[in-house]
Amino acid sequence: MTNPERKLWVHLRAMKKERGWHFRRQAPLENYIVDFVCFPARLVIEADGGQHNEAVHRAADAARDAHLTREGFTVLRFSNLDINDNMDGVMRAIDEALLAAELRTGRK
């Protein structure tokens, strides 16, 4: 796990205590291994390092994200730079996705 992933993981684990959402790390989902997933919220979070700047990786990531979206998952993708320099913004985006999941599922 990279330092940005570790930093994000700490915040995601706190979501369970604060709001009851449980995230799994490096979880199998369909034919993929995703960085973080909350199955009840149908939320996938990917933390991308520098290797994802290459066109081949971006295309593969986009195809995977599109597939998971078609399967009913919300996919949020953050760069390591976002996680390191803008954790408040990252957590705000995750919080908004969880709020949408609460509205969609009736869960509070």
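The model is predicted: local features need pLDDT of at least 70, side-chain atom pairs count only at pLDDT 80 or more, and totals for chains, interfaces and linings use all residues. Residues are numbered from 1 along each chain as its sequence is written, and side-chain values use heavy atoms, without hydrogens and water.

**The core.** A nonpolar core is a set of buried Ala, Val, Leu, Ile, Met, Phe, Trp, Tyr and Cys residues joined through side-chain atoms within 4.5 Å. Buried means under 20% relative accessible area (1.4 Å probe, protein chains only). The largest core has 22 residues. Among those that touch the most other members are Leu8, Phe23, Leu43 and Ile94. Helix H4 (87–105) is one of the elements that supply at least two residues. H4 gives the most, with seven residues. A second, separate core has eight residues, including Val34 and Leu68.

**Strand E3.** Helices (H or I, at least four residues) and strands (E, at least two) are DSSP runs, numbered from the N terminus. Six of the six residues of E3 are buried, so E3 is largely enclosed by the rest of the structure. Leu43, Ile45 and Ala47 lie on one side, with Val44, Glu46 and Asp48 on the other.

Two strands pair if DSSP finds at least two bridges between them.

| Pair | Sense | Bridges | Opposite residues |
|---|---|---|---|
| E3 and E4 | parallel | six bridges | Asp48 and Ser79 |

The hairpin of E2 and E3 has four residues between the strands. There, Arg42 takes a positive phi near 55 degrees.

Conventions
Buried < 20%, exposed > 50% of the residue type's maximum accessible area, 1.4 Å probe, protein only.
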